[in-house]
Amino acid sequence: MNKKSVEEETRKIEEEDLSSAVQATGPLDSGMAAASATDGVAATALRSVLHRIQHAAERSGRRSDQVRLVAVSKTKPVSLVKQVYDAGHRSFGENYVQELVDKAPQLPDDIEWHFIGNLQSNKVKPLLTGVPNLAMVETVDDEKIANQLNRVAGNIGRKPLKVFIQVNTSGEETKSGVEPDGCLELVKHVTSNCPNLEFCGLMTIGMPDYTSTPENFKTLARCRSEVCKALEISEDQCELSMGMSGDFELAVEMGSTNVRVGSTIFGAREYPKKQTN
């Protein structure tokens with residue numbers, strides 16, 4: 001899966017002098033103020049999350065290198081992302097196309113960016129052309145967006161783009177995602193008709209109050225079983241992206257291979273103005 005070993009990364013961060021990391025983190029653009037003293041908290045929080053993932057993986061009888069941590073930096077400044085990068089982390093996620101297109105050129109190109117927000121067709125080209133190191137789109141939820149991603153990826157000549165199919169496991173009308181009973185059909189469309197996309201797994205977002213989260217995760221696991229049986233692939237070839245700041249440990253215990261953690265690492269998000277995709 002080309003995941004960064006959580007155990008290896010934890011060990012590396014523990015060997016870092018975090019105070020030096022804070023001092024080394026400066027503004028990457030003229031409009032960015034100097035990194036604040038609170039920036040060091042993010043590196044410490046990253047270390048804590050990695051430990052928690054490692055322990056959750058052990059509780060489920062898995063190795064820690066079977067779980068990828070995507071640090072979600074939505075609304076956070078480039079200086080704070082760079083501080084977490086300097087602590088050894090490489091997988092980052094963003095929800096908004098424009099924010100990612102603005103941030104990516106200001107940061108090292110060995111970052112593996114995950115787009116995890118709702119994606120509109122007219123934003124596909126700006127996203128793919130503006131972020132050459134885009135590693136994955138986790139939110140493919142219909143044939144239209146899959147076709148557009150496939151078309152643009154082919155036109156710009158990039159390597160096949162990794163994608164997750166987003167499944168609405170909670171049944172909430174406000175949530176994006178294909179219905180569970182339509183998951184297999186969409187996966188087959190991607191694998192059969194989108195040669196510039198690489199199907200890598202399934203993604204879901206649990207209930208906001210976590211009351212139905214275990215059932216949501218079980219539903220995604222059932223979708224994976226159906227997909228793997230139909231495609232005649234092993235479950236190791238179909239990732240599960242589930243778990244965020246409030247439920248990532250439970251998600252790992254229930255088989256998640258990809259967790260998306262934002263506020264637990266970077267602090268509460270700030271929305272100075274309405275964000276648009």
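Residues are numbered from 1 along each chain as its sequence is written, and side-chain values use heavy atoms, with hydrogens and water left out. Because the model is predicted, local features need pLDDT of at least 70 and side-chain atom pairs count only at pLDDT 80 or more, while totals for chains, interfaces and linings use all residues.

A disulfide is a covalent bond between the sulfur atoms of two cysteines. The criterion applied here is a pair of cysteine sulfur atoms within 2.5 Å, and by this rule the count is zero. Cys223 is in no disulfide, the nearest cysteine sulfur being that of Cys183, 4.6 Å away. Cys223 is buried (under 20% relative accessible area, where exposed is over 50% and partly exposed lies in between, with a 1.4 Å probe and protein chains only), at 5%. The sulfur of Cys238 lies 4.5 Å from the closest cysteine sulfur, in Cys228, which is too far for a bond. Cys238 is also buried, with a relative accessible area of 1%.

Helices are DSSP runs of H or I with at least four residues, numbered from the N terminus. Helix α7 (residues 143-156) packs against helix α8 (residues 183-193) at an angle of about 20°, and their axes are 10 Å apart. The two are therefore roughly parallel, a term for angles under 35 degrees. Axes are lines fitted to C-alpha atoms over the stretch in contact, and angles run from 0 to 180 degrees between N-to-C directions. In contact (heavy atoms within 4.5 Å), Glu143, Ala146, Asn147 and Asn150 of α7 meet Glu185, Leu186, His189, Val190 and Asn193 of α8.

How values were computed: Angles under 35 degrees count as roughly parallel, over 145 as roughly antiparallel, 65 to 115 as roughly perpendicular and the rest as oblique.
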